Amino acid sequence: MSLTLDHAAPHHRAQADAPILDVLAERWSTRIFDTATPIDEEALRSALEAARWAPSANNTQPWRFVVGRRGGAVHAAIVDALMGFNQAWAADAAALVVFATTTSVDGKPLGWASYDAGQAAAYFTIQAHAAGLHTHQMGGFDREAIARAFDFGDDLAAVTVMAVGPLGDIEAAPEALREREAAPRTRLPISDTAIVNA
Ligand SMILES: Cc1cc2nc3c(=O)[nH]c(=O)nc-3n(C[C@H](O)[C@H](O)[C@H](O)COP(=O)(O)O)c2cc1C
């Protein structure tokens, strides 16, 4: 089966039940990255800056980033830590960013560290998308391998890996990737998730 997709067209656009910002509706998690173009450094810097300005519990800012550009040893070490199919496509991304958390401040555990890092990741994705980069977060990676590769002490824990870069040529991608790319984007209705909405 051959799939034809226009990545700029409504296929990936969220079928939102209420108006949302275009940048939110148009973001999707691609697995098809441009293997030739390097990361747009200005856009990457802005995405990290957006993450920096995410809110966090008590302004503790517990997120920590490991940033690797394709072709470098950091990128290669992150690819090595990816599991299964993630390794097959995410290695193409112009940059890979580990989102990690500091787990404590002055010996006191941070109760919202993962939540805060998730907000930073969300800010990152939206800023990146607005600048023409694409992103795809992954939980499928070996946390211990990341910790070993980057000398994480006990106070650091990797939470997700973010693939980021320009979109690749969807039509030229292997069938397995095009099939996943063609899958409809769906969400539960708000009536299922707003369990109280009086
Ligand atoms: C924390 C987290 C972990 C994820 N892990 C993976 C993963 O390991 N592999 C993968 O292909 N996608 C992964 N995803 C992507 C989700 O499957 C994707 O965001 C979801 O299906 C919604 O699709 P959309 O982002 O295109 O709207 C992950 C997303 C998040 C937020």
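In this predicted model, 14 residues surround the ligand, and the closest of them are S29, H136, G139, R185 and R187; a residue is near a molecule or strand if one of its heavy atoms lies within 4 Å of it. The mean pLDDT of the chain is 94, and 95% of its residues reach 70 or more, where pLDDT is the predictor's confidence in each residue, on a scale from 0 to 100. Residues are numbered from 1 along each chain as its sequence is written, and side-chain values use heavy atoms, with hydrogens and water left out. Local features need a pLDDT of at least 70 and side-chain atom pairs count only at pLDDT 80 or more, whereas totals for chains, interfaces and linings use all residues.

**The ligand and its surroundings**

- A polar side-chain atom of R31 lies 2.9 Å from an oxygen atom of the ligand, which falls within the limit for a polar contact, namely a pair of N or O atoms within 3.5 Å (within protein, one must be able to donate a hydrogen and the other to accept it, and residues adjacent in sequence count only if both atoms are side-chain atoms).
- Backbone atoms take part as well: a polar backbone atom of Q137 is 3.0 Å from a nitrogen atom of the ligand, and a polar backbone atom of G140 is 3.0 Å from an oxygen atom of the ligand.
- Taken alone, the ligand exposes 630 Å², and the protein buries 60% of that; accessible areas come from the Shrake-Rupley method with a 1.4 Å probe, and for residues only the protein chains shown count as cover.
- Helix 4 and strand 5 (residues 134-138) are the elements that give two or more residues to the shell around the ligand, and strand 5 supplies the largest share of that shell, with 3 residues.
- Helices (H or I, at least four residues) and strands (E, at least two) are DSSP runs, numbered from the N terminus.

**Helices with one buried face**

- In helix 3 (residues 73-81), the residues H75, I78, V79 and A81 are buried, where buried means under 20% relative accessible area, exposed over 50% and partly exposed in between (1.4 Å probe, protein chains only).
- Seen down the axis of helix 3, these buried residues fall within an arc of 160°, so they line one face of the helix; the arc is that of the directions from the helix axis to the C-beta atoms.
- The face of helix 3 turned away from its buried side carries the exposed residues A73 and D80, while the buried residues pack against strand 1 (63-69), helix 4 (85-90), strand 2, helix 6 (143-149) and strand 6 (156-165).
- In helix 7 (residues 175-182), L177, R178 and E181 are buried, and because they fall within an arc of 100° when seen down the helix axis, they line one face of helix 7.
- Helix 4 is included in what covers the buried residues of helix 7.

**Individual positions in helices and strands**

- T101, found in strand 2 (residues 95-102), is buried with a relative accessible area of 3%.
- Not counting residues up to four places away in sequence, T101 touches P62, A113, S114, A117, D155, L156, A157 and V159, with contact meaning heavy atoms within 4.5 Å.
- A47 belongs to helix 2 (residues 41-52) and is buried, with a relative accessible area of 0%.
- Leaving aside neighbours within four places in sequence, A47 is in contact with F124, Q127 and A128, and its C-alpha atom is separated by 9.4 Å from that of A130, 83 residues apart along the chain.
- L24, in helix 1 (residues 22-26), is partly exposed with a relative accessible area of 38%, and the C-alpha atoms of L24 and T125, 101 residues apart along the chain, are separated by 9.4 Å.

**Positive phi in loops**

- Most residues other than glycine have a negative phi.
- N58, in the loop between helix 2 and strand 1, has a positive phi near 60° although it is a residue other than glycine, and it counts as exposed at 76% relative accessibility.
- D151, in the loop between helix 6 and strand 6, has a positive phi of about 55° and is not a glycine; at 70% relative accessibility, D151 counts as exposed.

**Where to read with care**

- Over residues 1-9 pLDDT stays under 50, and for these residues the model has 19 contacts beyond four places in sequence.
- Where pLDDT is low, the predicted coordinates should not be read in detail.
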